[in-house]
Structures are given as C-alpha cells and as structure tokens.
Amino acid sequence: MGMLRAGLCPGLTQDVIQLLRSRGIKTVVDLVSADLEETAQKCGLSYKICLCVVANVAHGLQQNVLYIDSNGGLTAARILQLLQARTPDEEEQAGALQRIQVVHAFDIFQMLDVLQDFRGAVAQQVSDSSRTVKLVVVDSVTAVVSPLLGGQQREGLALMMQLAQELKTLARDLGVAVVVTNHMTRDRDSGKLKPALGRSWSFVPSTRIVLAIGEGAGAPGSQRTVCLTKSPRLPTGIQVTVDIGTWGTPEQSPVLQEDQI
C-alpha cells in the first residue's frame with residue numbers, strides 16, 4: 001500500500017499531505033478513491049478561489065468565462081452552489097452557467113491547443129460581442145508543467161515559456177483577464193515557502209497573490225491568509241485573512257440575507 005509523500009505527483013507538497021491526512025486520506029488508494037471535489041473543498045485548495053472568481057464574473061458582471069481544468073476536480077454542482085448563494089432566481093443561475101465554458105487539459109500540449117484555438121476564435125467573437133470571453137482561468141499550471149521540468153527533460157523549460165507567451169498574448173494583446181494558479185513548495189535550504197516552477201515563471205504573472213494556511217492558536221481550519229506579493233499598481237505586502245469555509249453559503253450572500261430579513 002503506497003503512502004502519500006511529497007513530490008509523488010505535481011502539487012503534492014508536505015503541507016497538502018498534512019491537510020489530506022487530517023481528512024483521513026493517507027494512502028494513494030485513499031486519494032484515488034476519494035471524491036476529488038469534496039476533498040478539494042474540505043482542504044481549501046486554490047480551486048475555491050477560482051470558482052468564486054468565475055461565479056462573480058459570470059453572474060455579477062454577466063461576462064463569459066473559459067475555465068481550463070488540469071486537475072479534474074471541477075464539478076458543475078459546486079459552481080451551481082456558489083451561484084445559488086448569490087441569487088435565488090433559477091433563470092439567473094442558468095444564465096450564469098451558460099456563460100461558463102469548461103475545458104479539460106491534462107498535459108501541456110492539450111493546454112497549448114486549447115489556448116491557441118481560443119486565440120484563433122477571438123476574431124470571430126469580435127462580430128458577436130455578447131459571446132466575447134472576458135476571463136480565462138487556468139487551474140492549475142503546475143499540474144501540466146511540473147512533469148516536464150528537471151532531469152534530462154530539456155524541452156520542459158521551452159514548453160513552459162511557450163505556455164507563458166500564450167497567456168501573456170491573451171492578456172496583453174486581446175485584453176482578456178487571465179487567472180493562473182500555481183502551487184507552493186519549500187526551499188531546500190531555508191525551508192520557506194516559495195512559488196513552484198522556479199525563477200523563470202516568477203516573471204510571467206504581472207500580479208501575484210499568495211494564499212496561505214492561517215497560523216496561530218485558535219485559527220480555524222478554513223482560515224487563509226491572502227497576501228499581495230507582486231503588483232504593478234499597488235504596494236506589495238498588503239495582507240488580509242479570510243475564511244473560505246463559508247464561501248458560497250447563504251450566510252455570505254447579501255441577496256439571500258436581504259430575503260431572510
């Protein structure tokens with residue numbers, strides 16, 4: 001029976017392993033047998049941030065979204081739950097769901113194909129502004145890039161930078177907002193957390209937000225610290241604490257709160 005260990009697969013850090021063990025997932029069999037959506041939700045992985053962004057854009061801004069899922073944990077049920085927390089109107093919920101396009105890409109070649117096809121389709125969307133995609137979410141880039149880095153795989157870095165160029169083209173030339181999730185890893189020497197994929201990737205995002213587990217006695221398991229570490233417009237170091245355990249629940253919805261009053 002294989003025990004989970006850091007580095008067994010992309011994104012499986014020691015911190016993630018500790019979270020999984022706290023939920024009773026200790027072996028590879030436990031992990032593959034678990035409900036990925038439920039496991040990710042309980043562990044508060046970065047996908048939760050992505051889903052909240054997607055729900056806000058699709059419902060609040062009524063804009064179209066392309067969600068590229070490389071982890072396989074996304075479900076329509078969770079998106080619907082977030083939309084239900086924002087509006088009780090089923091027609092509004094259905095309209096928001098129709099604005100969200102989900103594509104799976106489990107290796108970097110599939111992801112490049114998706115992005116290149118999307119870029120080619122933008123010209124056709126110009127004549128139909130109602131279908132123009134305003135947000136592209138990639139969750140996560142680590143899952144498709146990490147297997148290509150290290151060892152003798154010298155083409156990995158070139159492919160990573162090709163992917164970076166595709167994402168930058170969407171943001172810079174086509175005016176599409178791009179949200180990409182990256183995992184955290186620990187520095188071998190200092191033991192401090194740092195973004196995965198090395199220095200080469202650190203120059204890719206224009207804005208970086210680090211989501212960390214809340215620390216200190218009495219901190220709830222769903223508490224996260226959000227810190228702005230890179231930005232072209234705002235001073236870095238801005239930090240807030242959020243409780244992601246209640247995201248998407250009626251208690252967090254102003255619309256439903258007003259209805260209850």
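I began with Leu197, which in this predicted model sits in the loop between β6 (193-195) and α10 (198-202). I noted that its phi is near 80 degrees, a positive value in a residue other than glycine, and that Leu197 counts as buried at 10% relative accessibility.

I then turned to Gln62, in the loop between α4 (47-60) and β1 (64-69), where phi is again positive, at about 55 degrees, although the residue is not a glycine.

My next entry concerns the peptide bond from Asp139 to Ser140, which is cis, with omega near 0 degrees; Ser140 belongs to the loop between β3 (133-139) and α8 (142-145). I kept these entries because most residues other than glycine have a negative phi, and most peptide bonds are trans.

Last, I looked at helix α5 (residues 76-86), whose buried residues are Arg78, Ile79, Leu82, Leu83, Ala85 and Arg86. Viewed down the axis of α5, these buried residues fall within an arc of 155 degrees, so they line one face of the helix, while Ala76 and Ala77 are exposed on the other side.

I also followed α5 to helix α6 (residues 90-98), and saw that their axes come within 10 Å and cross at roughly 135 degrees, which makes α5 oblique to α6. The crossing of the two helices is right-handed, and the contact is made by Ile79, Leu80, Leu83 and Gln84 of α5 with Gln93, Ala96 and Leu97 of α6. Sorted by class, this contact has five nonpolar, two polar and no charged residues.

Methods:
Residues numbered from 1 in each chain as written. Predicted model: local features only at pLDDT ≥ 70, side-chain atom pairs only at ≥ 80, totals over all residues. Heavy atoms only, no water. Buried < 20%, exposed > 50% of the residue type's maximum accessible area, 1.4 Å probe, protein only. Helix = DSSP H or I, 4+ residues; strand = E, 2+ residues; numbered from the N terminus. Arc of directions from axis to C-beta. Axes fitted to C-alpha atoms, helices over the stretch in contact; angles between N-to-C directions. Parallel < 35°, antiparallel > 145°, perpendicular 65-115°, else oblique. Left-handed = near helix turned anticlockwise from the far one by under 90°. Contact = heavy atoms within 4.5 Å. Nonpolar A, V, L, I, M, F, W, Y, C, P; charged D, E, K, R; others polar.
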